[in-house]
Amino acid sequence: MEVLLVSLLNGLVYGMLLFMLASGLTLIFSMMGVLNFAHASVYMLGAYFAYDVSRHVGFWPALVLAPVLCGAIGALIEMYGLRRVHKNGHIAELLFTFGLAFIIDKGVQMAWGLLPVAYRVPAVLDRPLFTIYGTNFHAYRGFMLLISALMFCAIWLMLTRTRLGLVIQAALTHPEMVGALGHNVPASSPRCSRADRPSPASPASSGNYLVTEPSMAFTMGPIVFVVVVFGGLGSLAGCFIASLIMGFVQTFAVVFDVSLANVLALVGIKVTEASPFGEVLTIPLPRIGALLPYVMLVLILLFKPRGLMGTRDT
Amino acid sequence: MSSRLMWSAVAFALTLGLTSGVDLARAQGTIKIAYTDPLSGPFAQVGDQNLQQFKYIIDWINGRGGALGRKFELVAFDNKSQPSDALLALKSATDQNMPIIMQCSGSNIAAALIEAVDKHNERNPDNRIVYVNCGAVATELTNEKCSYWHFRMDAHVGMKAETMVRALPKDVTKVYLLNQDYLFGQSVQRDVKAFITKLRPDVKVVGDELIPLGKVKDFSPYTTKIKASGAQALLTGNWGPDMTLLIKAGMDSGLDVRYYTMYAHLGGGATAIGPGGNGKVRSVMPFHENIAVETGKTDTEGWTKQFRTTHNFDFYAAGFRTIFEFIQAAMNKAKSSDPAKFAQALEGLTITDMLGHQVTMRKDDHQILSEYFVGVFTKGVKYDSEGTGLGWKTEVTVPAKDLDQPNTCKMKRPA
């Protein structure tokens with residue numbers, strides 16, 4: 001019971017962390033159709049900015065300043081890079097951001113070195129918030145939960161309540177009609193990508209939950225894409241739900257020590273390591289937990305190509 | 001010197017060189033040593049730190065005459081943690097007649113290298129190469145997979161596991177194992193369990209976990225599971241992000257266990273543990289800077305201190321210096337940088353390392369026998385790690401003779 005409860009909390013925190021990362025990608029990838037492979041790299045850049053700025057002005061100002069810096073870089077990439085390649089189609093965009101990701105990763109390695117940097121949490125947040133069955137719930141994780149929740153609200157409000165959000169949503173499905181109504185469609189998409197600036201707040205706040213190091217983009221990049229595609233393109237709610245599902249799946253996969261052999265045993269088939277496919281069938285779930293999101297990605301693309309709540313095709 | 005005189009000197013030197021045939025390329029210039037490890041990708045920090053320490057050591061040993069009156073030169077090849085890239089590095093090294101290839105991270109890569117070096121040396125008896133293993137520690141490599149051309153210069157998993165199990169205090173009776181799911185991690189898992197059965201039958205393994213290598217981002221589910229298991233100690237061979245993230249998650253959730261690791265003393269470990277980990281984390285290690293202080297080796301202390309002033313991390317690779325002292329001694333003894341000759345000289349060689357201990361390259365299986373330590377990460381030491389204010393303090397010192405474990409190697413020596 002206590003494991004279940006603590007795992008639920010763990011899953012929630014991890015899911016919300018994924019959402020924090022994926023929300024930015026949802027806006028640019030699933031709302032605007034820009035395949036941005038450099039997303040995780042910019043996220044990493046944000047974490048390093050936050051670390052550097054926090055050393056000079058303290059943690060809280062850095063939490064505001066780092067996203068601004070990161071946003072400025074995002075805007076530059078958009079204005080001088082993406083806007084040019086956008087007209088050449090998705091493949092050009094994909095390749096452009098793919099290359100950019102490598103450049104940023106290498107740049108970070110050269111600027112900050114290969115070692116993890118000591119990005120520490122302020123004392124207020126560096127303590128247990130509450131204790132549940134003897135396990136500390138770190139105050140910082142609570143803080144992260146709060147930030148993600150705020151981000152979800154902010155993005156949702158922007159998309160549904162502001163003029164810009166409505167234009168973007170309309171332009172997704174009926175670009176010609178929106179253009180005919182007098183809105184400047186090409187101009188509104190870059191504006192949107194600059195409006196997606198709540199998302200760099202995530203590296204600032206997650207950089208010290210995870211360890212700030214040059215491989216963080218590499219480890220977080222793929223999973224964020226999985227979340228967005230699984231949730232369905234063009235759907236913020238889908239992205240949110242997918243994040244939580246991935247968080248829970250990965251958390252519970254670790255906790256449940258079962259294998260396919262255990263499942264087969266329930267229906268009366270006994271499998272040992274010696275039987276045919278025994279090696280595969282007896283692999284316990286925790287060992288393949290980290291692969292489950294990708295399995296789910298493959299399955300959903302096969303059986304429900306639009307994702308959970310997608311409004312358009314991949 | 002007039003130019004004519006110089007030219008005749010060169011001509012004379014050339015004639016001398018030609019008489020010794022293939023040795024020509026090797027007899028001149030620096031002694032080139034190929035080094036391959038991940039220098040990009042998720043484990044790049046490991047390779048990069050090794051490289052910086054190797055450079056520091058090579059400068060030092062070249063200052064003391066190198067070997068055969070020639071200087072050592074390190075040529076680095078990025079293998080991106082891929083065996084196939086390591087084999088490409090081997091190809092480049094043999095194409096350039098380098099006498100030695102070194103590799104430290106990844107037992108799967110080491111296994112591939114051993115096989116390839118064996119094949120190469122068999123087919124090219126006039127251009128052989130020695131594989132110096134500076135840290136791939138799966139026990140198999142000097143047992144079932146042992147090779148004459150492979151010299152392992154780090155304690156293997158069996159030795160580290162025994163040290164770890166011996167260091168468990170009497171009141172610890174429940175342990176949790178967590179390791180990476182590949183050759184090395186499985187080796188740790190198997191050996192630790194074997195030594196627990198043999199040395200500490202009272203200890204119960206309450207959890208035994210393998211995680212995918214470099215894939216887990218959030219270790220809190222694991223800390224929950226470890227807590228629920230009631231374990232008093234966590235035994236892990238994890239390295240790189242798999243180690244730092246695990247310890248960080250454990251610290252944040254207030255998991256109250258003793259951590260026994262094999263690599264927490266490497267770069268990034270101290271930062272991940274943080275000040276909150278005072279007295280909780282132990283590492284099975286060949287060296288830490290405070291050993292020199294504890295044993296009063298002031299020259300060694302000064303030498304590592306100088307590294308500290310010019311680099312942004314701590315010196316941990318005492319074993320690397322031993323490697324070069326071994327190579328230097330073997331080449332000088334054989335009076336040659338020809339692999340066939342100095343490999344023979346290296347077998348069974350004993351030298352004194354920088355801490356004053358006798359270190360032997362065991363002849364049977366080419367496994368180094370050196371002293372080993374268990375350090376605890378704590379306050380109040382002379383040299384702290386990565387600016388945390390905490391550093392390593394020796395808790396247990398294991399002499400080399402206690403680690404002289406039997407081996408199953410049936411070595412095929414060249415005729």
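**Note on a predicted two-chain model**

1. Of the 415 residues of chain B, 54% count as buried. This is a predicted model, and the points below should be read with that in mind.

2. Overall form of chain B. Its secondary structure comes to 14 helices and 15 strands. The radius of gyration of chain B is 22 Å, close to the 22 Å that the globule rule gives for 415 residues, so chain B is as compact as a globular protein of that length. Taken along the principal axes, the box filled by the C-alpha atoms of chain B is roughly 80 × 45 × 40 Å. Among contacts in chain B with a separation of 6 or more, 71% join residues 24 or more positions apart.

3. The side of chain B that touches chain A. Here 34 residues of chain B are in contact with 32 residues of chain A. Five elements of chain B each supply at least two residues to this side: helix 3 (44–63), strand 7 (204–211), helix 8 (220–229), helix 9 (241–252) and helix 10 (269–273). The largest share, 7 residues, comes from helix 8 of chain B. By type, the residues on this side of chain B divide into 12 nonpolar, 11 polar and 11 charged.

4. A helix pair in chain A. The axes of helix 2 (residues 39–57) and helix 10 (residues 216–231) of chain A come within 8 Å and cross at roughly 135°. On helix 2 of chain A the contact is made by His39(A), Ala40(A), Ser41(A), Tyr43(A), Met44(A) and Ala47(A); on helix 10 of chain A, by Met216(A), Ala217(A), Met220(A), Gly221(A) and Val224(A). These contact residues divide into 8 nonpolar, 3 polar and no charged.

5. Ser81(B). Most residues other than glycine have a negative phi. Ser81(B), not a glycine, has a positive phi of about 60°. Ser81(B) lies in the loop between strand 2 (72–78) and helix 4 (83–95) of chain B. It counts as buried because it has 24 C-beta neighbours inside 10 Å.

6. Lys335(B). Phi is positive here too, near 55°, in a residue other than glycine. Lys335(B) is found in the loop between helix 13 (318–334) and helix 14 (339–346) of chain B. With 12 C-beta neighbours inside 10 Å, Lys335(B) counts as exposed, whereas Ser81(B) counts as buried.

Terms used
Residues numbered from 1 in each chain as written. Chains lettered and ligands numbered in written order. Predicted model: local features only at pLDDT ≥ 70, side-chain atom pairs only at ≥ 80, totals over all residues. Axes fitted to C-alpha atoms, helices over the stretch in contact; angles between N-to-C directions. Helix = DSSP H or I, 4+ residues; strand = E, 2+ residues; numbered from the N terminus. Contact = placed C-beta atoms within 7 Å. Nonpolar A, V, L, I, M, F, W, Y, C, P; charged D, E, K, R; others polar. Rg over C-alpha atoms; globule rule 2.2 N^0.38 Å. Buried ≥ 20, exposed ≤ 12 C-beta atoms within 10 Å, placed from the backbone.
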